[in-house]
Amino acid sequence: MIDSKEASAALADIDDIVQRVKQSQLYELASLAALWWGVLVFAGNVVTWLWPFYAVYAWPAVDILGVGGLVAIRLLSPPHVPGAAFDIRLVLVFVLFFTFGYICTNVLGHFGPRELGAFWPIYFMLFYTLGGLWFGTAFVAIGLGIIALTLIGFFTIGAAFPLWMAFVNGGGLILGGLWMRRI
């Protein structure tokens with residue numbers, strides 16, 4: 001028979017294992033999302049760098065494919081993953097997110113292409129970093145790293161800024177997604 005201290009210690013160990021499993025399942029879903037968005041953002045930035053005229057078409061396509069991919073990831077993820085079932089609030093979050101960003105960049109700010117190229121990654125990574133305060137330090141590290149590199153590029157890189165952002169934002173999300181798969 002075990003005493004109450006041993007029982008408490010065993011329950012604490014079990015709770016720790018449960019929390020680690022939940023964290024690994026969250027990181028699994030988040031890594032898929034980061035990989036998906038990373039590939040799309042990389043492509044959007046390459047299009048912007050090579051054919052700036054088509055950027056106006058590329059970025060709405062990136063956003064629509066990105067959100068659609070997130071919905072698919074949620075729908076196709078195993079039911080044992082906490083919060084994996086489809087929730088209309090996910091779509092509403094993105095509607096609000098993009099609406100607020102549009103108001104800031106086109107109504108209040110009238111941003112040019114370079115400012116837009118810096119604003120959107122920083123805006124995305126703000127929420128990525130904030131989420132990391134609840135969901136894990138990997139999100140914070142990835143978010144702050146991409147924000148810092150975006151700002152460095154904005155102030156130091158000339159016409160190749162979209163190419164810089166392909167590797168910083170797209171590549172950063174891809175590397176972050178791969179990193180979260182190993183944690």
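The questions and answers below concern a predicted model of a protein chain.

Q: What makes up the secondary structure of the protein chain?
A: The protein chain has 6 helices and 0 strands. Read from the N terminus, the order of elements is α-α-α-α-α-α.

Q: Why is Gly38 called buried?
A: The cut-off for buried is under 20% relative accessible area. Gly38 has a value of 0%, so Gly38 is buried. Gly38 lies in helix 1 (residues 4-50).

Q: Which residues does Gly38 touch, not counting residues up to four places away in sequence?
A: Gly38 touches Gly170, Leu173 and Ile174. For Gly170, the C-alpha atom is separated from that of Gly38 by 4.0 Å, although the two residues are 132 residues apart along the chain.

Q: What makes the pairing of the Thr48 and Trp59 side chains a polar contact?
A: The side chains of Thr48 and Trp59 are joined at 2.8 Å, as a polar contact. The side chain of Thr48 also reaches the backbone oxygen of Gly44, at 2.8 Å. Beyond four places in sequence, Thr48 is in contact with Ala55, Trp59 and Pro162.

Q: How do you know that the length of helix 3 agrees with its number of residues?
A: Helix 3 has 21 residues, which at 1.5 Å a residue should span 30 Å. The end C-alpha atoms of helix 3 are 29 Å apart, so the two values agree. After helix 3 comes His110, with a positive phi near 50°.

Q: Why is Thr105 called buried?
A: The limit is under 20%. Thr105 has a relative accessible area of 0%, and is therefore buried. Thr105 is placed in helix 3 (residues 88-108), where the buried residues are Phe94, Phe97, Phe98, Gly101, Cys104 and Thr105.

Q: What does Thr105 contact?
A: Leaving aside neighbours within four places in sequence, Thr105 is in contact with His110, Phe111, Leu116, Phe119 and Trp120. The side chain of Thr105 also makes a polar contact of 3.4 Å with the side chain of Asn106.

Q: What span is expected for helix 4, and what span does helix 4 reach?
A: Helix 4 (residues 113-135) has 23 residues, and 33 Å is expected at 1.5 Å a residue. From first C-alpha to last, helix 4 reaches 33 Å, close to that expectation. Buried residues of helix 4 include Phe119, Tyr123 and Tyr128. Just after helix 4, Gly136 has a positive phi of about 145°.

Q: How do you know whether helix 5 is roughly parallel or roughly antiparallel to helix 6?
A: The axes of helix 5 (residues 137-156) and helix 6 (residues 161-182) come within 10 Å and cross at roughly 170°. Angles over 145 degrees count as roughly antiparallel. Helix 5 is therefore roughly antiparallel to helix 6.

Q: Which classes of residue form the contact of helix 5 with helix 6?
A: By class, there are 15 nonpolar, 5 polar and no charged residues. Among the residues that meet are Phe139, Ile142 and Ile146 in helix 5, and Trp164, Met165 and Trp179 in helix 6.

Q: How many of the residues in the protein chain are buried?
A: Of the 183 residues, 35% are buried.

Key: Residues are numbered from 1 along each chain as its sequence is written. This is a predicted model: local features need pLDDT of at least 70, side-chain atom pairs count only at pLDDT 80 or more; totals for chains, interfaces and linings use all residues. Side-chain values use heavy atoms; hydrogens and water are left out. Helices (H or I, at least four residues) and strands (E, at least two) are DSSP runs, numbered from the N terminus. Buried means under 20% relative accessible area, exposed over 50%, partly exposed in between (1.4 Å probe, protein chains only). A polar contact is a pair of N or O atoms within 3.5 Å; within protein, one must be able to donate a hydrogen and the other to accept it, and residues adjacent in sequence count only if both atoms are side-chain atoms. Contact means heavy atoms within 4.5 Å. Axes are lines fitted to C-alpha atoms, for helices over the stretch in contact, and angles run from 0 to 180 degrees between N-to-C directions. Angles under 35 degrees count as roughly parallel, over 145 as roughly antiparallel, 65 to 115 as roughly perpendicular and the rest as oblique. Ala, Val, Leu, Ile, Met, Phe, Trp, Tyr, Cys and Pro count as nonpolar, Asp, Glu, Lys and Arg as charged, and the others, Gly among them, as polar. The expected span of a helix is 1.5 Å times one less than its number of residues.
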